[in-house]
Amino acid sequence: IQKEDEERLRIEAEEVAARIQKEDEERMRIEAEEVVRIKKEAEEEVARIQKEAEEEAARIQTEAEEERKAIRSEAKEKRRAIIEETNQRNLLMQKLAYDKAAVAESKMKKLDRIDEGKYKIDAVHAEDNKALAFLAKASQLSKMVAEKEARIKAEAEAKKKEQERIRAGIKDLPCEIPLPGASMRLINGMRCLLIPSKKKGNRNEVQNVDNSPPPPIVILGGMAQYIESWQHHFNDLSRERDVLMYEYLGSGLGYEYDSENSVSESDYYSDVSLTRQTKDFEIIVETVFQCKKVDVIGFSLGARIALATIARNPKLIRNAHLTGIPAERDGMAKILLSSWENMLSADGKDLEPFALSILNTSFSKQFMEMNDEAKVMTWIDQICANNQKLGLLRLLQQTKSVDPIGFAAEAKTSETKIQLAVGNDDVISTPKQVDRLSQELGLGNSVQHYKGGHAVLNENPREWRKDVLAFLNKA
């Protein structure tokens with residue numbers, strides 16, 4: 001009996017083992033088939049996504065081409081209108097000259113009759129003097145009209161050639177701003193970021209010109225700032241407006257990106273004066289947009305450029321929100337600028353001492369203490385990586401002697417509405433000097449004061465941005 005039990009147990013054990021092995025093999029086969037199925041579905045999903053990406057890229061390229069065609073068509077229509085207007089003006093001038101010649105001929109005939117004795121001698125002399133005076137005045141007026149026409153024609157032709165040169169040199173650059181439609185381009189040697197409004201009806205595109213969209217916002221940052229340093233503001237600023245920010249000449253890496261530039265770095269930065277900056281502002285705006293007015297956000301040196309532009313072109317800027325711009329620099333600010341100039345004049349291309357100094361003076365002590373050393377070093381590295389030492393030096397040298405108060409009289413008579421802002425602990429543009437500039441400009445609003453140093457847009461970004469949009473959105 002024991003032997004039979006052992007044999008039965010052995011047989012049962014073998015049967016159980018065989019059954020378990022068979023079940024394991026079946027389960028493994030099913031799992032293997034499931035893995036194959038999942039892999040196949042993944043490959044199909046990848047193929048689908050790749051196809052959709054290619055279709056989206058093709059669609060974007062088609063839309064871009066259509067936009068370029070529309071812009072070229074618009075430019076062609078504008079040129080035709082200018083030519084037609086010029087022809088009409090020429091016809092009018094010809095008619096005016098003809099009428100003046102007829103009047104002169106009539107006067108000469110009257111003089112002939114006087115010579116024949118129809119009038120008294122004194123009347124002859126009087127008419128003769130009037131005729132000569134009229135002829136001289138007519139000749140002078142005709143000459144002035146001709147000179148003015150020639151000057152206007154030459155300026156229009158020069159502007160046209162300059163616009164054609166700039167448009168021909170526009171290059172697409174890599175854009176890492178994570179917002180829909182954002183694009184980076186090199187325009188007139190400067191890196192420009194354009195972010196279309198999230199509301200399509202508010203975009204200043206060719207097809208929307210007749211819809212009267214709100215003016216786009218143009219951002220002019222401070223010295224040593226670059227496009228990416230404003231990234232935390234772009235989302236809110238572009239909700240209802242087109243946004244353009246460009247790195248004006250002397251800031252950013254325009255020289256590095258302009259690979260076809262045949263001039264030396266020294267010649268490239270030979271003129272970065274405020275006069276040059278205002279001209280560049282007008283060129284960039286006219287090249288990018290089809291509108292007649294823009295709103296401006298200016299900070300520090302960017303605010304100076306904005307105010308100089310308002311003085312030069314009183315109709316171009318509708319509203320301007322300017323932060324950190326004093327009437328004049330006080331003694332401490334002049335010492336800081338002198339130290340920066342010494343740092344930038346030193347041999348080599350090391351920007352780290354300047355970057356650390358400008359951070360310490362731009363932010364309040366409390367704000368700097370809130371951020372650890374690693375974060376501050378990251379900021380320093382970014383300033384160094386996104387600026388040219390020679391460009392910053394030339395900017396400092398060519399703009400330091402021009403104070404904003406010098407533009408106050410002309411800016412005061414412009415059509416631009418201005419709002420000034422300042423940090424209570426600002427040592428570069430003190431609240432006292434900003435308040436003084438507000439008085440010189442005759443502004444009806446009070447200066448906006450914030451907690452923090454010079455860069456209040458970084459220390460109090462939400463509050464500052466809210467006030468900026470509230471002001472710019474005023475009709």
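R8 and E12 both lie in helix α1 (residues 2-115), four residues apart, or about one turn of the helix, where helices (H or I, at least four residues) and strands (E, at least two) are DSSP runs numbered from the N terminus. R8 forms a salt bridge with E12, with the closest N and O atoms 3.3 Å apart; the term stands for a side-chain nitrogen of Lys or Arg within 4 Å of a carboxyl oxygen of Asp or Glu. R8 is partly exposed at a relative accessible area of 42%, and E12 is partly exposed at 35%, where buried means under 20% relative accessible area, exposed over 50%, and partly exposed in between (1.4 Å probe, protein chains only). D5, R8 and E12 are linked in a network of salt bridges.

This is a predicted model, in which local features need pLDDT of at least 70 and side-chain atom pairs count only at pLDDT 80 or more, while totals for chains, interfaces and linings use all residues. Residues are numbered from 1 along each chain as its sequence is written, and side-chain values use heavy atoms, with hydrogens and water left out.

In helix α1 there is also the pair R10 and E14, again four residues apart, about one turn of the helix, and their side chains meet in a salt bridge of 2.6 Å, N to O. R10 counts as partly exposed at 37% relative accessibility, and E14 counts as partly exposed at 45%.

## A salt bridge between strand and loop

By the rule given above, the count comes to 28 salt bridges. One of them joins R191 and E228, whose closest N and O atoms are 2.8 Å apart. R191 lies in strand β3 (residues 190-195) and E228 in the loop between β4 and α3, so the pair ties together parts that are 37 residues apart in sequence. R191 is buried, with a relative accessible area of 5%, whereas E228 is partly exposed at 27%.

## The open sheet

Nine strands form an open sheet with mixed pairing, in the order β1-β2-β3-β5-β4-β6-β7-β8-β9, where two strands pair if DSSP finds at least two bridges between them. At the edges stand β1 (171-173) and β9 (448-450), each with a single partner strand, so one side of each is left without a neighbour in the sheet.

Within this sheet, β4 and strand β5 (residues 243-246) pair in the parallel sense over three bridges, and the bridge partner of I217 in β5 is V243.

## Aromatic pairs

The count comes to six aromatic pairs, where rings of Phe, Tyr and Trp (its six-membered ring) pair if their centres lie within 6.5 Å, and planes under 30 degrees apart count as stacked, over 60 as edge-to-face and the rest as tilted. The rings of W230 and W464 have centres 6.1 Å apart and planes at 70 degrees, so this pair is edge-to-face. W230 lies in the loop between β4 (217-220) and α3 (231-237) and W464 in helix α16 (residues 461-472), so the pair ties together parts that are 234 residues apart in sequence. W230 is buried, with a relative accessible area of 1%, and W464 is buried at 0%.

The rings of F363 and W379 have centres 5.7 Å apart and planes at 50 degrees, so that pair is tilted. Ring pairs link F363, F367 and W379 into a cluster, and F363 is buried, with a relative accessible area of 12%.
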